[in-house]
Amino acid sequence: MPHATAGTPSSGHRPRWWKELPLIAVVYGLYSVGRLLVREDIPAAVDNGLAILRLEKALFLNAEHPLNRLLTAHPSLGIPADFAYASLHYLVTPAVLIWMFRRRSTVYRAARTWLMTSTLMGLIGFTLMPTCPPRLLDAHHGFVDTMAQYSAFGWWGAGASAPRGLSGMTNQYAAMPSLHVGWAVWCGVLLWRHGRHPVLRAAGVVYPLVTVLVVMGTANHYFLDAVAGAAVMGVGALLTRPVMRIADRVTVRARAVFAADPAPVPAAGSTIVSDGCKTSAGERIPGQRTPSADSSGAATGSAAEAASDDAPAAAR
């Protein structure tokens, strides 16, 4: 995904945090509200979830069952996985964004645009394809909700990672694509491309892989949800430059509209002689003597005086 952050022209100055924070807050607010407003068509979501599960079995990609059984049988793995699912999504992504803002300001705008564009594309996916996560399927499908199993150890309840008692504030059928995986891929690419320390670059590889295992093992996503999340980020990376160009054009036009300054109109009864008009070079106002006229007049006067002096002399 090189197009998102490589070769992007710098704006020439560090982005202003007091402009960035409201922009990010507005986009994330629209995303969150959009998720809530999407109608939860539960029968369709269940059908879509089962269709994904059947497709994975046909392709021999069904890794969710063994991972879920592993986390269910071993609390030492299941509890950390639940904490990772409930928290890292909201901690690592802002941390990487702030790191890019402070340390890699020349490519920050492209990185931020990539994240926002992909996130809004994910919202379109939730709208068009509501999907029931494995943990909400009927028990005979063999999945256990590890978040519910280990809820006594964390702040979450029955509503996945939502705080206990606030499950109604989230759309539990927004599983396709997995933005847990998508945002982790975004973090991983940026850490790998722009991290100078080996630890940062290693984290860029490990974090997305661990996220894929966590979302499947906790029965919150299918493997194809994770694939779709990565694909959304790929398309978002390709759209980053066009989106930035459109944003630049809109900004330039908006500034032109608001910065338009019409020529001042003189007030009625103005005492200004020119009344706002300007004379061209060599042009004089009627009644005004130009330097050339003064010099020619002086020369004419001198000649007349000389002639008058010579006249009496000739008479004598």
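**Notebook: rings and a helix pair**

I looked up Arg 201 and found it over the face of Trp 192, at 3.9 Å from the ring centre (a charge counts as over a ring if NZ of Lys or CZ of Arg is within 6 Å of the ring centre and within 35 degrees of the ring normal).

The model is predicted, so I note that local features need pLDDT of at least 70 and side-chain atom pairs pLDDT 80 or more, while totals for chains, interfaces and linings use all residues. Residues are numbered from 1 along each chain as its sequence is written, and side-chain values use heavy atoms, without hydrogens and water.

I then searched the whole structure for aromatic pairs and got five (rings of Phe, Tyr and Trp, the last by its six-membered ring, pair if their centres lie within 6.5 Å; planes under 30 degrees apart are stacked, over 60 edge-to-face, the rest tilted).

One of them is Phe 83 with Trp 155, edge-to-face at 5.5 Å centre to centre and 70 degrees between the planes. Phe 83 sits in helix H4 (residues 75–103) and Trp 155 in the loop between helix H6 (146–149) and H7, 72 residues apart (helices are DSSP runs of H or I, at least four residues, and strands runs of E, at least two, numbered from the N terminus).

I checked Phe 83 against Trp 156 next: the centres are 5.0 Å apart and the planes at 80 degrees, so this pair is edge-to-face. Ring pairs link Phe 83, Trp 155 and Trp 156 into a cluster.

For accessibility, I noted Phe 83 as partly exposed at 28% and Trp 156 as buried at 0% (buried is under 20% relative accessible area, exposed over 50%, partly exposed in between, with a 1.4 Å probe and protein chains only).
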